[in-house]
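Look at the sequence and structure first, then read the points below.

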Amino acid sequence: MCGIVGYVGSEQACSFLVDGLRRLEYRGYDSSGLAIHTGSTLTTRRSVGRIEALASQVEQSPVTGCLGIGHTRWATHGPATEPNAHPHIGGDGELALVHNGVIENYQALKDELAGKGYCFQSDTDSEVIAHLLVENLRNSPEVNGNPNLRYVNAVQLTLARLQGTYGLAITFRDRSNLMIAARFGSPLVVGVGQGEYFVSSDASPLGGHTDRIVYLTDHQLAVLTPEGFSVLHRDQGKVRVDIQTLEIESGEASLQGFDHFMLKEIHEQPESIRNAMRGRLDDQDATAVFGGLNLTPQQLGSVERIILTGCGTSWHSALVGEYLLEELARIPVSVEYASELRYRNPPIEKNTLVFGLTQSGETADTLAALRETKRKGHRTLAICNVIASSIAQAADGGVYLHAGPEIGVASTKAYTSQCCVLAMLALYFGRMRHLSFEQGQQIIRNLRALPNAVKEALDCDMVVKEVAAKYHESANFLYLGRQYNFPTALEGALKLKEISYIHAEGYPAAEMKHGPIALVDSTTPSVFIVPQGTTYDKVIANMEEVKARGGPIIAIASDKDPLVDRIADDVIRVPQVPEFLQPIVTIVPLQLLSYHIALLRGCDVDKPRNLAKSVTVE
């Protein structure tokens, strides 16, 4: 949600800001803007809608300067209008700032500042920060020998008054070479160059500009000038930071010949699954190996229950994990919506391990749920895709997906990578408990064959296109599966809702008789996930029930299954794999189906309405 970029150095800031905002489009936004120090003033450009509208403004009326900040806004307080777009100006033009997050006490601060004569031009909580900072700046004395320290002190005083979350980048009219960035609960990355420094919400805009980065942590503040940078902590003062190597190149955030990022990422899944498994399968001991769990074998062996928590697609992969861990490791598992778990007070047994699942590592509800369970003394682990993300830092340890950047808002390769990691965790815990050496070896063989099976599943694309053309005008879809493929039904329905705006529901196939069958008619397709397995005959019977009522049937079936053709109106084939890996294969045609239907309906596949890639607010 929202995106921040900033630049200070010797080059023109505008080109980096506009390009950086384009690379942050996937986060979700409805307006954008930038502010550049143009010598004696801070000049702003703001626009509602896509980045191209802002780029057109800048092209028609160029802004020159070597220090600037930019922002993409996803509306929280106030609608998507130009006055609500960032950057916001404080006081009489003394500063400009951009803000990600939510300030919970903004109304009280706004009333206080209005009483002192400050005029507000927007409906946002963010403008309150700008005026409060000006108020503190006006009341801060000059500091001999270090003119920037006055501005740092004013920022620190301002942050102390804020309740909520923030990622901030701030520029000052009277300091043409100073930028200050701060974070609490909203990610910020500092890029370290030669005589130039960058700020961004994540690392994607920095590829091609620098390969040295610093991830700010909560309560840290970065002071940036062309001559250097320093990082301060609220409680510790100036701190040493680790400069890390940027792992992505600029090309990883490009389409590389595909029409959309979602399609590119669907086709990257064979490789992202290989990356998730690389170095983690141990043939000698017939188990999996994880280097970042940060728990001893004795601690892991004492685990009596696991809680998997996440939101959206990550919650669906957690449901797959529940089946995997209970079947292969014989450990009781609970799956919780993070947004509910954070506010519940459930009794949790002493030897319970809590996993937070998230692609971005910044999902606010998942972060809060992990922090709450950790505060109560439970060990927490993360399964995420972003190194040094907030959840990766908050958890006791975890597993990185190594899926590479996922730009499309609708998650694809992160989902299959999460399922793959959960399968390896089930193998790991299973081998600690009851799985035999031979069983472990067989699971490893099945996992190693998985990328090729996913690659074969991608061959269904032409058939999926034909199915999409047939049903893209339907107003409702039902998705039905059993056991491991019940979460697949939920995820397939979610993908369709996310990017095509068609109402879709996922159910266990047997539950259809308990209500949803009332929706079946000649205009409502039912998508059955029916690969061969233990519940195959039961799902076939459910398909017959829909057929008897005149409902169109789309079947996702095993490649050598002759029976479904006699029942289903349309059949999409996938390779046969063991049941515990079926969700990773059967989701592929459903991802493609949602993609092609969205295209036929004229939807913006990579930037669906109202959605954001990283949900950093409640």
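A residue is called buried if its relative accessible area is under 20%, exposed if it is over 50%, and partly exposed in between, with a 1.4 Å probe and protein chains only. The model is predicted, so local features need pLDDT of at least 70 and side-chain atom pairs count only at pLDDT 80 or more, while totals for chains, interfaces and linings use all residues. Side-chain values use heavy atoms, without hydrogens and water, and residues are numbered from 1 along each chain as its sequence is written.

**Aromatic rings**
- Tyr7 counts as buried, at 2% relative accessibility.
- Phe16 is also buried, with a relative accessible area of 4%.
- Rings of Phe, Tyr and Trp (its six-membered ring) pair if their centres lie within 6.5 Å; planes under 30 degrees apart are stacked, over 60 edge-to-face, and the rest tilted.
- The count by this rule is 11 aromatic pairs.
- Tyr7 and Phe16 form a tilted pair, because their ring centres are 6.2 Å apart and their planes are at 50 degrees.
- Tyr7, Phe16 and Phe198 are linked into a cluster by ring pairs.

**Charges over rings**
- A charge sits over a ring if NZ of Lys or CZ of Arg is within 6 Å of the ring centre and within 35 degrees of the ring normal.
- Lys110 lies over the face of Phe120, 5.2 Å from the ring centre.
- Arg609 has its charged end over the ring of Tyr501, at 3.9 Å from the centre.
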